[in-house]
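Morning, everyone. Let me walk you through this model, one region at a time. Please keep the viewer open while I talk.

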Amino acid sequence: MRGGARILRELVRRKGALLSLAFLAVLVLLAVFAVALGFDPVKQNILHSLEAPSRAYWFGTDELGRDILSRVVYGARTSLMTAGGAVVLAGVIGVPMGLVAGFFGGWRDAVLMRAVDVLLALPAILFALALIAVFGRSQGAAMLAVGITGIPGFARIVRAQVLSLRQRDFVVAVEAFGGSSGYSMFRTILPNSWNQILVQVVVLCSIAILLEAALAFLGVGVPPPTPSWGEMLRTGKSYLHEAPYYAILPGLALTLTILSFDTIGRSLTAILENEDAAVTRAEGVAS
Amino acid sequence: MTAYVLRRLAQLVPVLFIASIGIFAMIYAVPGGPVGIMLGENANQAEIDALVHDLGLDRPIAIQYFDWLGSAVTGDFGVSLHSREPVIKLIGERLPATLQLAAVATLIAVLLGIPVALASALHPGSWLDRMLSGWSALALGVPTFWLGILLILLFAVELRWLPSASRYVPLWEDPLEALRHLIMPAATLGVYVSGVLARFLRASLVSQLGADYVRTARSKGLSRGRIVRVHVMRNALLPFITVIGLMMATFIGGAVVTEAVFTYPGLGRMLIQAISTRDYPLIQGCIIVMLVIYVAINLTVDVLYAYVDPRIEYS
Amino acid sequence: MSDPASGIVAEGAAEPLLSVRGLTVGFAGRGGVVPAVRGIDFDVMANEVLCIVGESGSGKSVTALALNGLLPATARMSGTIRLGQTRIDTAGEEALRAVRGREIGMIFQDPATTLNPLMVVGEQVTEGEVVRGDLARTDAPARAVELLEEVEIADAAGRAGQYPHQFSGGMRQRAVIAMAMAGRPRLIVADEPTTALDVTVQAQVLALLARRQAETGAAVILITHDLGVVAEVADRVAVMYAGRIVEIGPVDAIFANPRHPYTAALLQSIPRVDAADRRLDTIPGQPPLPGAFPSGCAFHPRCALGSARPRCAADDPALHPVGGTAAACHFAEETAPPRLPADPRQSREIAGATEAPLLSIENLEVHFPIRKGLLKRTVGHVRAVDGVSLVVRAGETVSIVGESGCGKTTTARAVMGLVKATAGTIEFEGDDITHKSSAALRAVRQRMQYVFQDPFSALNPVKPVEEIVAEPLRIHGLYDEVGGKQRIAELFDLVGLSKTMFGRYPREFSGGQKQRIGIARALGLAPRLLVLDEPVAALDVSIQAQILNLLEDLQNELGLAYLFIAHNLSVVRHISDRVAVMYLGRIVEESVKDDLYEGALHPYTQSLLSAAPVPDPTRRADRRRIVLAGEIPNPAAPPPGCSFHPRCGRASAVCSRDDPRKARFGDTRTLVACHHAGPLGEPVGQVAAGGVR
């Protein structure tokens with residue numbers, strides 16, 4: 001992708017974004033190599049239940065004597081996988097929807113956008129709750145629920161992008177040379193939309209992680225014994241007197257992850273806006 | 001104007017229609033269907049047949065739907081499977097609690113969000129702006145359920161100032177006691193929404209402050225204060241109205257979670273309980289009520305927008 | 001005045017109203033301060049019009065903002081600005097507010113954005129006076145009506161209560177003028193006040209500005225890039241280049257005997273609405289942008305005099321008096337006097353009427369439906385093109401000229417099949433292409449190509465330029481057949497670009513270079529007809545000349561036919577063989593170029609030509625200007641009969657009833673659609689809606 005390297009360079013120049021990238025990198029590495037690093041989220045040790053953080057248990061232990069750090073690491077796995085799957089699902093459905101609706105307009109636009117309106121008629125969490133009420137509680141249901149609520153975001157952003165690009169002369173030019181609709185859509189408009197889609201992916205990651213955790217916290221997300229941050233908060237809340245760290249530390253991991261995605265998303269938006277502004281300035285100067 | 005409102009209402013019809021089909025179909029999509037839900041898995045065939053006939057499930061599905069829709073429109077969502085009470089009555093008991101929470105949270109969000117947005121937009125790039133933008137990021141990024149837990153830890157567990165589980169006390173009956181129970185959930189929710197509010201309003205203000213008409217206003221010799229008050233605020237708040245719809249979505253979602261954190265007896269908590277007890281009529285009722293509130297607010301906002309912006313012609 | 005730069009001051013002048021000395025402005029950025037204005041001096045006398053003229057990046061607009069203390073926070077300014085006894089450069093916000101509006105009125109470029117969209121116009125016009133306490137709040141509404149009447153806004157009482165979006169562009173600019181004049185300021189600073197307006201509206205606004213200036217005795221500083229406007233209104237002229245004033249002096253001297261090579265070259269590079277055929281002299285390269293100003297004299301890399309002289313590259317010359325002006329050039333004495341260039345434009349024999357036309361448009365109509373209401377019913381049509389007939393023969397240039405909204409671009413796009421024709425036929429090479437499917441059009445599109453107005457938006461930003469030029473060839477599967485990379489290199493060469501630029505992206509190119517890339521792309525398929533939609537409108541004057549010359553060369557070399565769409569009458573006269581004038585979706589007059597420009601028969605053409613500014617101050621006195629009343633009507637509801645009649649000085653009862661047909665006028669070569677067609681002269685006795693000034 002053109003400009004990908006440049007955008008990354010701009011990104012690491014910003015302190016907040018660099019820190020966020022570093023944190024996410026560590027988190028992903030931990031999640032991927034969790035087994036190799038010897039984290040065990042299920043080993044119980046009743047003798048050591050609800051122990052405060054110590055040299056042996058950096059994050060302490062839970063009510064069954066399980067190592068909270070291990071559970072946080074595996075929770076990252078659950079969280080990232082559920083959110084990642086949801087974002088992919090939302091993108092695979094939402095991007096083509098927006099592309100077709102924006103490019104062809106007319107009845108296709110009307111039908112697709114009404115579908116989006118229906119998805120938006122309910123706040124995301126209600127929609128997810130309704131879906132889970134139907135499909136029962138599973139990691140797949142959580143992923144599906146979070147993913148479907150992400151579709152409108154992609155569809156709307158891509159559609160808006162297509163509508164604005166369609167007015168641009170370089171898209172009209174393709175038609176003037178005799179390029180087909182497919183060529184216009186996939187070879188001209190889509191490559192000019194990747195940046196916007198990328199921003200949406202990052203933004204949706206933070207929303208998806210939050211939503212997944214919220215569902216687990218409400219007791220309807222990824223079911224136990226799979227470790228998940230939301231579920232840990234839910235249980236930890238019952239032991240606030242005995243073991244405050246139980247609810248604090250997984251929540252901290254969750255918060256930092258969300259903040260990291262949010263920071264990167266905002267930095268990306270700012271970088272792309274600056275680029276646009278630079279182009280506009282150049283155009284303004286010449287007129 | 002009336003025509004515009006009618007047009008917006010007409011646009012809602014297909015959306016609400018499809019949504020209602022979805023909500024109606026929920027109960028049929030569940031394994032075992034409505035009968036399985038009501039009788040459990042160990043029912044015998046005679047019981048099933050009787051119930052099917054009693055409920056009219058042997059009629060065409062379209063008839064069943066319109067029957068259900070007709071009842072729902074008049075507020076009859078059926079009877080809770082759990083408590084055997086009419087759903088509408090249960091909702092009626094819980095709704096005031098949620099509305100009270102929402103009202104106080106809105107107040108906190110507005111009192112917090114607008115000054116933050118103004119202060120940072122008037123000094124873009126300054127340390128104050130960076131600090132306040134960081135604050136909005138935190139307000140948005142810290143999950144409400146974690147913030148709620150931290151508040152409980154501090155104010156209920158450590159300091160013992162406030163109750164860790166909140167009851168619903170109407171504000172007009174005992175304001176002080178009501179606030180004791182309301183302040184933590186309302187603050188949790190309000191801080192979150194203030195983040196949404198501050199971020200959008202700041203962006204709106206910054207873009208308006210850079211608009212050409214601001215330069216024109218300065219060239220007329222107007223003071224900065226007047227330019228912001230008279231010219232910028234109106235223009236910045238206008239697009240912001242459209243964001244209120246988005247805010248409402250986070251609000252309702254946030255309310256469901258917040259009520260769970262503080263075991264606050266609102267609509268959201270009842271919905272979660274209904275899901276865990278698979279009380280489908282109650283689930284349907286809660287979702288429909290929330291949907292109607294959400295849609296009504298969005299509609300009001302749209303109409304308000306058209307009313308305030310002279311550029312929109314609603315002829 | 002002991003000032004070294006005597007030309008800065010008007011001759012025989014008393015105390016200046018405004019005095020600027022050593023003004024520098026830079027903008028703080030990542031890599032330090034980028035200079036935009038680099039030490040300029042000038043004075044403005046009461047009742048005087050000073051024009052500051054320059055191309056993009058010259059610092060003219062920054063200068064305008066500095067005069068009123070309106071520079072953005074990132075600006076770093078030094079030098080002195082004195083308005084009467086008031087120091088503006090050191091004034092605090094409080095003191096500046098007292099100056100703004102009351103002492104200095106500002107008029108900005110884009111009337112679409114300079115007014116607050118949510119406040120009624122009347123309130124905005126009087127707001128300054130009310131806030132300063134010069135006007136009681138209760139008197140404001142009456143004052144607003146008075147001010148709007150002064151700028152000739154019809155139904156001022158009704159208009160005062162309307163919002164800006166209910167005003168047309170010209171009316172908005174009138175309102176802005178009313179606002180700037182409300183406090184009776186002693187100085188008006190107008191930054192490109194007519195650039196966003198059509199030529200007939202520009203004429204109205206300039207006339208209004210001149211009248212109000214005469215009535216109030218205010219001084220005016222007018223910032224512009226348009227030398228025609230300068231010649232029309234200026235008393236004195238300051239020419240800016242790369243943040244410096246390179247020449248300043250009385251308008252007659254500047255135009256008759258410019259002493260700075262840049263001024264001289266600029267005057268040589270503009271096509272003129274009144275001039276004979278000649279090839280334009282160009283200035284090589286492009287104007288430098290802030291941050292990339294050359295050393296020494298910033299103009300030296302582009303200068304015919306100084307490009308080889310070490311002194312020019314080393315020392316930045318100061319303004320000093322030379323002849324009738326003051327110029328900043330080491331070798332000002334050597335600047336050649338202006339002349340009609342020796343190199344005449346190659347005149348071509350226009351193909352006879354016998355030859356079969358390449359493109360033939362017959363009664364073309366393009367109507368866009370207006371949909372409203374719940375069911376999106378069609379409630380009316382915008383008649384963008386409403387019965388256009390035109391013929392283009394091989395190798396000739398036919399121009400369509402008209403103001404915005406007249407349908408010229410829609411006509412061009414309909415020819416390319418980019419918008420659907422509602423009625424009529426379009427034949428290309430004798431083949432009816434009006435209703436061809438896009439697949440069938442593909443073959444046609446090899447021989448008919450489009451060049452876009454805005455070079456910034458016409459090139460795909462994510463592709464390298466080599467790919468952009470190759471794209472049409474690839475789409476048609478001809479890339480390898482015509483020679484691949486070799487062919488692309490040839491195309492680059494043809495438009496004066498180097499193939500070393502292949503891997504670069506559009507953002508790395510200047511406007512003129514981008515337009516060359518756009519032309520190269522259009523030439524790839526070896527077309528016979530190029531449809532050029534305002535190809536130079538977005539370019540600086542010196543770059544415009546380069547592109548116009550390139551188009552001429554390409555036509556001679558490749559035998560191309562051009563359908564040239566433009567609003568600039570001078571450019572059209574320069575490039576065309578035949579010209580068609582469009583108004584509200586119709587061609588009102590069409591003729592051989594010189595016949596049209598020398599002897600226009602349609603009243604609209606005549607007013608259009610009279611409104612076009614001529615860059616020659618000596619012609620100011622003897623020019624008859626027909627200032628049209630009103631603005632172009634809404635194409636969704638054109639007036640009945642002849643659509644021009646409400647603005648026409650010759651209109652009679654028949655005009656509001658019968659739509660005139662386009663017909664040959666006498667034994668001329670002109671086709672005209674008017675009941676009262678005829679040369680501009682004595683018969684134009686009765687003046688109805690318009691007026692002759």
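How many of the eight residues of helix α1 (residues 60-67) of chain C are buried? Seven. So helix α1 of chain C is largely enclosed by the rest of the structure. Before I go on, remember that this is a predicted model.

Here are the buried residues of α1(C). They are Lys60(C), Val62(C), Thr63(C), Ala64(C), Leu65(C), Ala66(C) and Leu67(C). After α1(C) comes Gly69(C), with a positive phi near 65 degrees.

Now the sheet that goes with this helix. It is an open sheet of four strands in chain C, ordered β2-β1-β4-β5, and the pairing is antiparallel. At the edges stand β2 (32-44) and β5 (86-87) of chain C, each pairing on one side only. Helix α1(C) packs on this sheet and touches β1, β2 and β4 (75-83) of chain C. The direction of α1(C) makes about 110 degrees with that of β1(C). Strand β1 (residues 18-29) of chain C pairs with β2(C) over 10 bridges, in the antiparallel sense.

Strand β21 (residues 578-583) of chain C runs antiparallel to β22 (residues 586-592) of chain C, and six bridges join them. Ala580(C) has Glu590(C) as its bridge partner in β22(C).

Two helices to find here.

In the loop between β19 and α18 of chain C sits Glu534(C). Most residues other than glycine have a negative phi. Glu534(C) has a positive phi of about 45 degrees, although it is not a glycine. Is Glu534(C) buried or exposed? Buried, because its relative accessibility is 8% and the cut-off is under 20%.

Arg278(B) is not a glycine, yet its phi is positive, about 50 degrees. Find Arg278(B) in the loop between α11 (267-276) and α12 (280-308) of chain B. Arg278(B) is partly exposed, at 41% relative accessible area.

Back to chain C for two side chains. Gln606(C) lies in helix α21 (residues 603-611) of chain C. Gln606(C) is buried, with a relative accessible area of 5%. What does the side chain of Gln606(C) make a polar contact with? The side chain of Arg650(C), at 2.7 Å. Beyond its neighbours within four places in sequence, Gln606(C) is in contact with several residues, including Ile626(C), Gly678(C), Pro679(C) and Leu680(C).

Now Lys420(C). Lys420(C) lies in the loop between α12 (408-415) and β16 (423-428) of chain C. Lys420(C) is exposed, with a relative accessible area of 75%. Between Lys420(C) and Gly380(C) there are 17 Å in space, C-alpha to C-alpha, and the two are 40 residues apart in sequence.

Last, domains and confidence. The assignment for chain C gives domain 1 (119-179), domain 2 (260-334), domain 3 (456-526) and domain 4 (610-692). The C-alpha centres of domain 3 and domain 4 of chain C are 44 Å apart.

Chain B splits into domain 1 (2-85) and domain 2 (88-308). The C-alpha centres of those two domains of chain B lie 33 Å apart. Their contact takes 22 residues from domain 1 and 21 residues from domain 2 of chain B.

How far does confidence go in chain B? The mean pLDDT of chain B is 83, with 97% of its residues at 70 or more. Confidence in chain B is lowest in helix α2 (residues 33-39), at a mean of 71. Confidence is highest in helix α9 (residues 212-219) of chain B, at 91.

Definitions and conventions
Residues numbered from 1 in each chain as written. Chains lettered and ligands numbered in written order. Predicted model: local features only at pLDDT ≥ 70, side-chain atom pairs only at ≥ 80, totals over all residues. Heavy atoms only, no water. Pairing = 2+ DSSP bridges. pLDDT = per-residue confidence, 0-100. Domains from an automatic or database assignment. Buried < 20%, exposed > 50% of the residue type's maximum accessible area, 1.4 Å probe, protein only. Polar contact = N/O pair within 3.5 Å; in protein donor to acceptor, adjacent residues only side chain to side chain. Contact = heavy atoms within 4.5 Å. Axes fitted to C-alpha atoms, helices over the stretch in contact; angles between N-to-C directions.
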